[in-house]
Every structure is written in structure tokens, then in C-alpha cells.
Amino acid sequence: MTQGKLIGICITSQGSEAMQSVEQVEAIAGTGLAGDRYANLSGTFQKGDVVAPEEEVTLIEEEALQGAATEYSLQIAHADSRRNLLTQGVALNHLVGRDFHVGEVLLRGIKVCEPCGHLENLTFEGVRESLVHRGGLRAQVLEGGTISIDDSIVPVT
């Protein structure tokens with residue numbers, strides 16, 4: 001599996017609010033990304049006062065957004081995808097059940113992050129269909145640290 005690269009980071013403090021682009025973010029093991037809705041226990045689909053492993057971090061491929069643009073004539077910005085990390089050059093679906101590094105941070109791929117009706121309600125018609133099976137990856141933070149734009153994404157062998 002080839003090495004990828006992190007090209008975008010987005011967080012938002014409250015569920016359903018607009019995502020904000022940042023240059024770096026602190027990843028906290030067992031919690032997620034500092035300042036993000038799920039780490040703040042205010043995510044739209046959050047249940048209770050504990051962050052589930054699959055709620056800690058979400059990733060999406062730049063190539064998936066480009067595919068949506070080509071195949072569905074939709075221009076989906078990273079922030080519109082509502083995923084935290086925008087990657088380039090790594091097949092995220094292949095990281096389900098695998099550990100990988102984003103810079104110094106160790107993540108574990110939990111499951112594919114299929115798009116939902118809530119995403120389409122917050123963005124625009126057609127976004128859900130355009131991202132089926134390429135909506136990204138839900139991941140857990142195993143070892144925290146700082147995640148920054150241009151960090152390498154490297155699967156653990």
C-alpha cells in the first residue's frame with residue numbers, strides 16, 4: 001500500500017454547524033480531535049456522554065471528491081463532506097481494520113463512512129448518491145499528537 005498525504009483538516013464545535021478549515025489539530029486518544037463536535041460530545045448522532053471509537057475521526061479522499069465532480073457534476077468542497085481529514089494518494093477503504101499513521105498520530109480504521117441523508121440536508125441534493133462507497137473512513141485515535149497539513153499517511157505493516 002502506498003503512502004498518502006494529508007491535504008486538509010476541518011472541524012466544527014457543534015453538530016450541524018459549518019466545518020472550519022484549520023492547519024493543524026490535536027488528536028486525543030479515546031476522544032478524537034480537540035475542538036471537534038464529537039470530542040465535545042455535541043455531535044449530531046452522538047449517544048450519551050462517551051465518544052464511540054468510530055466517532056473520533058473521519059477521513060475522505062480528495063480522489064472521491066474529484067470522482068463526484070466528474071461522474072455527477074458536483075463540486076463538493078472538503079468542508080461540505082463533513083469529514084475531518086482530506087487525504088490524497090491513499091485508498092481509505094483498504095484501511096478498515098488496519099492501523100495507520102497520520103504524521104505522529106496512530107489511528108485505526110473502523111469502518112467505511114457512508115454518506116447519509118443528514119449530509120445531503122446540510123449541503124445539496126445529489127451529494128449522498130455521489131459519495132456512496134467512497135464517503136470516507138471512520139477511525140479511532142490510538143496514540144494522540146498533533147496532526148498537520150502535509151503529514152504523511154502510512155499504514156502500519
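Tutor: Two strands pair if DSSP finds at least two bridges between them. Helices (H or I, at least four residues) and strands (E, at least two) are DSSP runs, numbered from the N terminus. This is a predicted model, where local features need pLDDT of at least 70, side-chain atom pairs count only at pLDDT 80 or more, and totals for chains, interfaces and linings use all residues. Residues are numbered from 1 along each chain as its sequence is written, and side-chain values use heavy atoms, with hydrogens and water left out.

Student: Thanks! How many helices and strands are there in the protein chain?
Tutor: Counting the DSSP runs of the protein chain gives both numbers.

Student: Why is the chain called as compact as a globular protein of its length?
Tutor: The globule rule, 2.2 Å times the number of residues to the power 0.38, is set against a radius of gyration taken over C-alpha atoms. For 157 residues the rule gives 15 Å, and the chain is close to that, so it is as compact as a globular protein of that length. The C-alpha trace spans about 40 × 35 × 25 Å along its principal axes. The radius of gyration itself is 14 Å.

Student: What share of contacts between residues at least 6 apart in sequence joins residues at least 24 apart?
Tutor: A contact here means heavy atoms within 4.5 Å. Among the contacts in the protein chain between residues at least 6 apart, the share that joins residues at least 24 apart is 72%.

Student: Let's turn to strand 1. Why is strand 1 described as largely enclosed by the rest of the structure?
Tutor: Burial is judged by relative accessible area: buried is under 20%, exposed over 50%, partly exposed in between (1.4 Å probe, protein chains only). Strand 1 covers residues 4-11, and it is largely enclosed because the number of its eight residues that are buried is six.

Student: Which residue of strand 6 is the bridge partner of I9?
Tutor: Strand 1 and strand 6 run antiparallel and are joined by four bridges. Strand 1 also has two bridges to strand 11 (residues 152-155), again antiparallel, with G4 and I153 as bridge partners. For I9, the partner in strand 6 is L85.

Student: And which residue of strand 2 does I11 stand opposite?
Tutor: Strand 2 (residues 20-21) pairs with strand 1 in the antiparallel sense over two bridges. Opposite I11 stands Q20.

Student: What is the order of the three strands that form an open sheet?
Tutor: The pairing in this open sheet is antiparallel. Its edge strands, each pairing on one side only, are strand 4 (32-33) and strand 10 (145-148). Strand 3 (residues 24-28) pairs with strand 10 over four bridges, and E26 stands opposite T146 there. The order is 4-3-10.

Student: Is L41 buried, exposed or partly exposed?
Tutor: L41 sits in the loop between strand 4 and strand 5 (57-61), and its phi is near 65 degrees, a positive value in a residue other than glycine. Most residues other than glycine have a negative phi. The relative accessibility of L41 is 40%, so L41 counts as partly exposed.

Student: What about R82: buried or exposed?
Tutor: R82 lies in the loop between helix 2 (78-81) and strand 6 (85-88). Phi of R82 is near 65 degrees, which is positive. With 10% relative accessibility, R82 counts as buried.
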